[in-house]
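Please read these points with the structure open beside you. They go residue by residue.

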Amino acid sequence: TPTPVPWYLAEKAPYLIVLLVGVLGFVLSLLLTPLLKAWGLALLRAVAGIGKGGRFRVAYRDALVEEHRNLNIRGLKTRTPVAVELEKVYISLRAESPERLLEERAAGRSYSIGEVLARHERLAITGAPGSGKTTLLAYLTLAFARDRALDRLGLPEKRLPLLVPLRRLTAALPSAAHPALTFPAFLTAYYDSLGLHPPPTFFEDRLRAGQCAVLLDGLDEVASEPERRALAEWVDRLVTVYPRNRFVVTSRPAGYESAPLQNGFTVYSVRDFEPAQVEQFARNWCLAVEIAAQGADNPTARRKAASDAGDMIAAIRKSDAIRRLAVNPLLLSIIALVHRYR
């Protein structure tokens, strides 16, 4: 038989329960307050970091677009009085595999850069001087920076572009032995020097997460063969450290043969422009220049552009020597400048 609770305890039970709960609550608050405070501060720091990273991401993308939006013809004294937007004149390069060169040429087969990118996440693009390698990386940078990889390249992905001329990287880094440390540190220091002030781990975090398109230009522009080989080994180690990112490296053929990449890179060579590509560039160029010159896209500008493009195409067709030059994108750009301004 249960022992009856004394009447005086039964009457005071509700008060005792309230008192016990109060004491337990006080003790728990003493124990948990430091922990909750630490959690709260960590959460605030995380939110602030995300906000700062998000702001830098926007500023970084804007800076990339501003730097690469216009067609840049390095080393040319003749300049257009108006800026020519790269995306409005760009003609997609065609590429072929050196390993299947005879087979593909016999079949008349080549691939757009978008097709090559869809097949391979690690690419070495080789081509002669002026074949459009640097301009290609600028175009890829714009496509990823503007989240237009799907419609520009046919790639259903979003990546943060990291475009670096390798000559700048070798000059800035005293050692290429520690890519996990030096590459993000180089990017952070470089953009900090431009006044963008990235968060300390911004590039490291995104490389670790596999969110980047690493675009390395001009392996051949490193002067000596031993330095090129050391740099190629550094790129291979970089891929090992950050394997989930997309990598594209450009080089002239001779420079690449002396220092080939080994870590899963597939080599494709840029092809010369076909006649149809030459003519499409002429039309794109004349239209972009005329719209920029008149400050509006109107029927008058389009008629003038069509007339100028027809004149340029006729001049190219008329001369065997000029036609042979026009298959090179850089020389074709020079021909377009000379045709209009000289």
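1. C212 has a relative accessibility of 1%, so this residue counts as buried. Buried means under 20% relative accessible area, exposed over 50%, and partly exposed in between, with a 1.4 Å probe and protein chains only.

2. The model is predicted: local features need pLDDT of at least 70 and side-chain atom pairs count only at pLDDT 80 or more, while totals for chains, interfaces and linings use all residues. Residues are numbered from 1 along each chain as its sequence is written, and side-chain values use heavy atoms, with hydrogens and water left out.

3. C286 is also a buried cysteine, at a relative accessible area of 4%. The structure holds zero disulfides, a disulfide being a pair of cysteine sulfur atoms within 2.5 Å. In general, a disulfide is a covalent bond between the sulfur atoms of two cysteines.

4. What does A305 touch, leaving out residues up to four places away in sequence? The contacts (heavy atoms within 4.5 Å) are C286, L287 and E290. A305 sits in helix α13, residues 299-318; helices are DSSP runs of H or I with at least four residues, numbered from the N terminus. Its relative accessibility is 4%, so A305 is buried.

5. D236 belongs to helix α10, residues 225-241. Beyond four places in sequence, D236 touches L261, Q262, N263 and F265.

Notes:
Helix = DSSP H or I, 4+ residues; strand = E, 2+ residues; numbered from the N terminus.
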